[in-house]
Amino acid sequence: MLPVSDLARMAEGSGLQWVHSDSQKVAAVQAAMAAEPAPAHVPRERPAAVVLDEGPLVLVETRRDLGDLKLPFEQPRASTGA
C-alpha cells in the first residue's frame with residue numbers, strides 16, 4: 001500500500017486533487033448503517049401459468065390463396081345418431 005503523500009502526488013500529477021476522509025466520521029456512519037434493521041424480505045410474485053391451446057394444428061400454406069379454403073374446424077359437425 002502506498003503512503004498517502006505518494007497517492008496525493010500521483011493524483012496531482014494527473015490533474016486531480018486527493019481528498020482524505022475523516023476516519024472517525026466514516027466509522028460513525030458505518031456503525032449507524034450496521035445498527036439499522038435489515039429490510040423485510042418480500043417474496044417475488046410469480047406470473048400466472050400460461051394456458052396452452054390444445055386445439056388441432058392447422059397447416060398454413062403461404063404460396064396459394066387460402067381465402068376460399070374451409071378448414072376442418074370451420075365446417076359444421078355432423079350429428080351422430082344414437
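Visitor: How many helices and strands does the protein chain have?

Guide: The protein chain has 2 helices and 0 strands. Both kinds of element are DSSP runs numbered from the N terminus, with helices being H or I over at least four residues and strands being E over at least two. Please keep in mind that this is a predicted model, where local features need pLDDT of at least 70, side-chain atom pairs count only at pLDDT 80 or more, and totals for chains, interfaces and linings use all residues. Residues are numbered from 1 along each chain as its sequence is written, and side-chain values use heavy atoms, leaving out hydrogens and water.

Visitor: What radius of gyration does the protein chain have, and what would a compact globule have?

Guide: The radius is taken over C-alpha atoms, and the globule rule is 2.2 Å times the number of residues to the power 0.38. A compact globule of 82 residues would come out near 12 Å, but the protein chain has 37 Å. Its C-alpha atoms fill a box of roughly 100 × 40 × 20 Å along the principal axes.

Visitor: And how do I read burial here?

Guide: Buried means under 20% relative accessible area, exposed means over 50%, and partly exposed is in between, with a 1.4 Å probe and protein chains only. Buried residues make up 2% of the 82 residues in the protein chain.

Visitor: How far apart are the end C-alpha atoms of helix α2?

Guide: The expected span of a helix is 1.5 Å times one less than its number of residues. For the 13 residues of α2 (residues 23–35) that gives 18 Å, and the end C-alpha atoms are 18 Å apart, which agrees. The count of buried residues in α2 is 0, so the helix is hardly covered. One of its residues, A31, is partly exposed at 47% relative accessible area.

Visitor: Where does A31 sit relative to R46?

Guide: A31 and R46 are 15 residues apart in sequence and 37 Å apart in space, C-alpha to C-alpha. E45 lies in the segment after α2 and is exposed, with a relative accessible area of 75%. Between E45 and A27 there are 38 Å, C-alpha to C-alpha, for 18 residues in sequence.

Visitor: Which residues form a salt bridge?

Guide: A salt bridge is a side-chain nitrogen of Lys or Arg within 4 Å of a carboxyl oxygen of Asp or Glu. The structure holds 1: R9 pairs with D6, their closest N and O atoms being 3.0 Å apart.
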